[in-house]
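Here are a few friendly notes to read with the structure open beside you. Take them one point at a time.

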Amino acid sequence: MVQQLTSGERQNALIILLCVFVAGLAMAAAGGSDPLGMHGVIVMLFGASLGALVMRSYYDRQPDPDRLSHYYDDPIKAGVALTLAWAIFGMFMGVWTAAQLAWPDLSFDAGWSTFGRLRPTHTTGVIFGFGGNALIATSFHVVQRTSRARLAGQVSPWFVLLGFNLFCILAVTGYFMGVTQSKEYAEAEWYADLWLVVVWVTYFVLFLRTIARRKEPHIYVANWYYMAFIVVVAILHIVNNLALPISFGQAKSYTIWAGVQDSMVQWWYGHNAVAFFLTAGFLAMLYYYLPVRAQRPIFSYRLSILSFWGITFFYMWAGSHHLHYTALPHWVQNLGMTFSVMLLVPSWASAGNALLTLNGAWHRVRDDATLRFIFVAAVFYGLSTFEGSFMAIRPVNALSHYTDWTVGHVHAGALGWVAFITFGSIYTLVPSLWKRERMYSPALVEVHFWLAVAGTLIYVFSMWNSGILQGLMWRTYTQEGTLAYSFLDSLVAMYPYYIARACGGLLFLLGAIVAAYNIWMTVRAVPASAAERQSDVPDTGLAPGAAATPAE
Amino acid sequence: MAELFHRKLERTAIGFVVAIIAAASVGGIVEIAPLFTIHTTVEEAPDMRVYTPLELAGRNIYIREGCYACHSQMIRTLRDEVERYGPYSLAVESKYDRPMLWGSKRTGPDLARVGGKYSDFWHVAHLNNPRDVVPESNMPAYRFLARTALDTGDLQRHLRAQQALGVPYTDAMIANAASDAFGQAAPDSPFAAGVTERYGEKTQVSAFDGVVTQLTEMDALVAYLQVLGRLTDAAYSNTAAPEQAPDPTN
Ligand code: HEM
Ligand code: HEM
């Protein structure tokens, strides 16, 4: 990996890592015994170990001068590995927290392992660790292939990938220590947030500069979504995380938003983290890996335009559906509801576009488990957006809010859509990235598929059941006009479903482990394919149209 | 026509990014900006007080432990919620909350009005091991809170940061932050009087965890739980709900 850098670039990398190390040292010194000090040590270790890695190869041979006429794939490979590592970590934490809800003593009488601290390690681990690494890795792959140009930087892709992972590490280790802003999906504290801004701006610049090098006049649909993902997440992140630290030596900060305004900012952020992190970026994957795998062009260009702008415009209004019947003014709730329902149109336009693309390739869906992952993802995308629009209607939300129904909806989206499209994309990506003829074991892909389907269905059905039951029990009256059930009655009724959910989650986790093994063996044991190597090069002006791009 | 326009837009990366920013900004601006300018968004409540240093420390422990992941603090305007938990929550009640802790999931019950509902003793027993008092509960045990001394050294900094953000802490409150924290959990100490003087007669001063010699995280968390829903009486006068305010002397 370092071998691909020239000595000048190696030097730059070392300088950056030195800066990281010094920043860590400063944090450790200023923080002392505060968790900020502990995080300083982690930052130092991070900088030092990567620095050692660069040093080890510092005097190695210079890279092939020809390298610039190839795609830059090393950071993508590392990104795929990190995606899988975070998937296993994040889903393991999911299974553990799920089990804690059924068997509360699984926190073993320690502070760091109670449900409240572990839950954000799960959400951050899967959304940012698993999802984020998958997005960065695939975006690097897709933007190069669809632009037929090499990434516009040698060190910056590494900076983006590893810098983002440093953010994830700081976030997750922080929760174990109790460092959290408590803002859902934005729990990391101010210094980690600042760091993420630096990383994200670099990402944005790198992505735009690569697009600027494209050999195609048009920017491909997938890249629209990646751009929306990068730009809007930056806006959301900065506004939601504005905060005043109590001192520069302490992790704790107070957000500048208070009370009802804070609630709206948080859910404007929270819902659009769903929209632009868990949806837009993954739709980008759909728009690239689906046509590639199905070997068919996207069904309709117009539908692509309609759904893209619909999603970009409507989603930002929808956050207030998380606040129905609360102290948030009525008019904002109604706006949120209205736009959430309208959102169904662009959402189903995307899902429909995907399914109609498969029309004519159903035999491939039947035979190819990878394509089936993508197919199921599109189905669950349609399903969970329908469910979401439905739950955003006030009277429906009166029942579903605060219950496990929300959790069921989340995981219909997160497992059925996000994880399925990710695994489908990775299975498509891995052989072509490592120039292998095929995956190590198609049978294991099949096993993973069925584990994932079973896990998702068990998870989602148990949460639908428990959520609706819970919601109904809370509002049931006796004939005398008093509440029929205590809160505790509803909790007792949840236990069977909590156990079922933990089992479903375990199946899903096993699937992810199977995937990691299969991918590892593909890289280790499958013979290289010469054909891939020759055709998969950027357009340097010498061989026009050599690379395969998906049609619009 | 529209398609032709889009074909052009697709050819410029910067143009495309600008279009994304424009399309994505509208919703947030329309929904968030007026919340600051329309003054009926947050009701008037002259009796609303700020958190004492001990309660604020307790609130930060509530955040640190992630209690908000299972408990909401927002009673919706629905009949069953009002009957179960008390008058629905008003915006003014979380006016000083940075961040707000309305929550999104009720694995456990809502806590917006739990203040005064149970005794301090019950809370301590419950936090030590929920299953001692509620056998069916799935809440984790927080025994370590009673063993951990509360760090009062930086309370001044907490209050000062809040003051900088507009929470009406007076300079006297900031100067006495640490002694007020101690005094609120030690009713017979000379520091107790200052607490009610600065934060009002209704402020609950008691030996929350039952031990006055040491100020623990348990003291702080229970002090916070006991003030939930009791910073102002606005919810009892401004809403149609028939409930009476709970008796502050439990
Ligand atoms: C092995 C599979 C998984 C299991 C067992 C699992 C389990 C859980 C559990 C127990 C919770 C807490 C629910 C509660 O508070 O009642 C949760 C929340 C959550 N999980 Fe998962 N999870 C899994 C996979 C995933 C994946 C792959 C994603 C995302 C890509 C995800 C995203 C989330 C989110 C966003 C929440 C917060 C939900 C909310 O606030 O309503 N999970 N999960
Ligand atoms: C048209 C699209 C969608 C709409 C209108 C929508 C609507 C909703 C609604 C109404 C809630 C419940 C809010 C509450 O009562 O607290 C919700 C929660 C949630 N949805 Fe969706 N949803 C959509 C698609 C998705 C997708 C595709 C995902 C993918 C992963 C997703 C992830 C989530 C998450 C993570 C939450 C939980 C937030 C929390 O309470 O922490 N949604 N959504």
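1. In which helix of chain A is His271(A) found? Look at helix α8, residues 259-294. Please keep in mind that this is a predicted model.

2. His271(A) is one of the positions where UniProt, in an unreviewed entry, places the feature "binding site"; the others are His321(A) and His322(A). These positions are spread over 52 residues of sequence, yet they cluster in space, with a largest C-alpha distance of 8.9 Å.

3. Is His271(A) buried or exposed? His271(A) counts as buried because its relative accessible area is 9%, and the cut-off for buried is under 20%. Setting aside neighbours within four places in sequence, its contacts are Tyr315(A), Ala318(A), Gly319(A), His321(A) and His322(A).

4. Now find His321(A), which sits in the loop between α9 (301-314) and α10 (330-342) of chain A. His321(A) is also buried, with a relative accessible area of 11%. Beyond its neighbours within four places in sequence, His321(A) touches His271(A), Gly336(A), Ser340(A), Ala392(A) and Asn397(A).

5. Next, turn to helix α2 of chain A, which covers residues 35-56. Helix α2 has 22 residues and reaches 32 Å from its first C-alpha to its last, close to the 32 Å expected at 1.5 Å a residue.

6. Which helices do the buried residues of α2(A) pack against? They pack against α1 (7-31), α5 (156-177) and α6 (190-212) of chain A. Among these buried residues are Leu36(A), His39(A), Gly40(A), Val43(A), Gly47(A), Leu50(A) and Val54(A). An α-helix has 3.6 residues a turn, so residues three or four places apart point the same way.

Key. Residues numbered from 1 in each chain as written. Chains lettered and ligands numbered in written order. Predicted model: local features only at pLDDT ≥ 70, side-chain atom pairs only at ≥ 80, totals over all residues. Heavy atoms only, no water. Helix = DSSP H or I, 4+ residues; strand = E, 2+ residues; numbered from the N terminus. Expected span 1.5 Å × (residues − 1). Buried < 20%, exposed > 50% of the residue type's maximum accessible area, 1.4 Å probe, protein only. Contact = heavy atoms within 4.5 Å. UniProt positions renumbered as here; feature names shortened; annotations may be inferred.
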